[in-house]
Amino acid sequence: MKWIPEYRDDVPRVERFNLIARITHWGHTVTFLLCLFTGLILFLDGVDWLAFIFGGYRGAGLVHRIAAVGMTIMLLFGLIAGFKGLIAWMKDIGRFGKNDIMFLSIFPLDFFGVPMKFPPQTRFNGGEKMNSLVLLTMVTLLVLSGYIMWFPAIFPAGLVRFSYPVHDLAMIFSTLMVCMHGFLGSFHLGSGESFWGMWKGTVRADWAQHHHAIWYEETYGDKAKSEEE
Ligand code: HEM
Ligand code: HEM
């Protein structure tokens, strides 16, 4: 059984994510997961086996801070080097409309195996737009509350106290979202091709046409070609 569809280079492919977006995404993923595992050691009781991997509780606190700085650098890299892509991403989220609502309402049925016909989607489908919004918000909260907890001397005591539950709740929501998102972006039947978009940068043209018809038409379709000429 194949978990991720085979990468085909004998069929037409189109670019989905440039190198900057891919470095930011995977660099952020690695540092986010390091923060998560080391954070869980501080958050949960009785995970000595996990603490052992990171050199005990003190080691986990240190790795957490190093990974947090790494994550911040990745986010700043994406923000500065990928500014144009970031704006295009925000604009696409802003196109949330009827087709996205329809997508979100029928997606649960499709997820559980009922074949559904989705309305045409822009660059990011309704689920991806929601994922973008939730993760952008949660990661911003994690970064802000994290630095406040790290440097309590320079912030008001009330804000430092408030940052603890904010950090914990943002960790819980983002982790739930990332579990769902990681599965959909890799092993989920039908959407697995998107993994290659984030890994190698391109997806099969027929897949893009089927899953993101509006984006495909606007970027690679006849109209886009005639505008280029
Ligand atoms: C820039 C990003 C981040 C910074 C600056 C940061 C900073 C911190 C600091 C200073 C602490 C307290 C550590 C201690 O008591 O020794 C902490 C705890 C924690 N962090 Fe982060 N963190 C960041 C990102 C994350 C991420 C991405 C996650 C998980 C998705 C996470 C999950 C946790 C958890 C679960 C705790 C334990 C909280 C508790 O004990 O109630 N952190 N973080
Ligand atoms: C756990 C492993 C992960 C896998 C396998 C994965 C996979 C992917 C893939 C394949 C895409 C492109 C989807 C598309 O074609 O639009 C993507 C996009 C994205 N990823 Fe991840 N990802 C992972 C972790 C993360 C983490 C940790 C975050 C942030 C906390 C994140 C945030 C995003 C965002 C915001 C997008 C753009 C919106 C979307 O397409 O949903 N990812 N990811």
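**Reading the helices and ligand shells**

Trainee: At what angle do α1 and α3 pack, and how far apart are their axes?

Mentor: Axes here are lines fitted to C-alpha atoms, for helices over the stretch in contact, with angles running from 0 to 180 degrees between N-to-C directions. For α1 and α3 the angle is about 155°, and the axes are 8 Å apart. Angles under 35 degrees count as roughly parallel, over 145 as roughly antiparallel, 65 to 115 as roughly perpendicular, and the rest as oblique. So α1 and α3 are roughly antiparallel to each other. The contact of α1 with α3 has 16 nonpolar, 10 polar and no charged residues (nonpolar: Ala, Val, Leu, Ile, Met, Phe, Trp, Tyr, Cys and Pro; charged: Asp, Glu, Lys and Arg; polar: the others, Gly among them).

One caution: this is a predicted model, where local features need pLDDT of at least 70, side-chain atom pairs count only at pLDDT 80 or more, and totals for chains, interfaces and linings use all residues. Residues are numbered from 1 along each chain as its sequence is written, while chains are lettered from A and ligands numbered from 1 in the order in which they are written.

Trainee: How many helices and strands are in the chain?

Mentor: Helices (H or I, at least four residues) and strands (E, at least two) are DSSP runs, numbered from the N terminus. The chain has 11 helices and 2 strands. Its C-alpha atoms fill a box of roughly 60 × 40 × 35 Å along the principal axes.

Trainee: Which residues come closest to ligand 1?

Mentor: A residue is near a molecule if its C-beta atom, placed from the backbone, lies within 6 Å of it. Ligand 1 has 24 residues around it, the closest being Cys35, Gly39, Ala68, Gly146 and Trp150. Helix α1 gives the largest share of that shell, 7 residues. By class, it splits into 15 nonpolar, 8 polar and 1 charged.

Trainee: And which residues come nearest to ligand 2?

Mentor: Glu128, Gly182, Gly185, Ser194 and Met198, out of 21 residues around ligand 2. Two or more residues each come from α1, α6, α7 and α8 (193-199), and the largest share, 5 residues, is from α6. This shell has 7 nonpolar, 12 polar and 2 charged residues.

Trainee: Where does the kink lie in α5?

Mentor: The bend at a residue is the angle between axes fitted to the seven residues ending there and the seven starting there. In α5 a kink of about 35° lies at Ser105, shortly before the proline Pro108. Just after α5, Gly113 takes a positive phi of about 100°.
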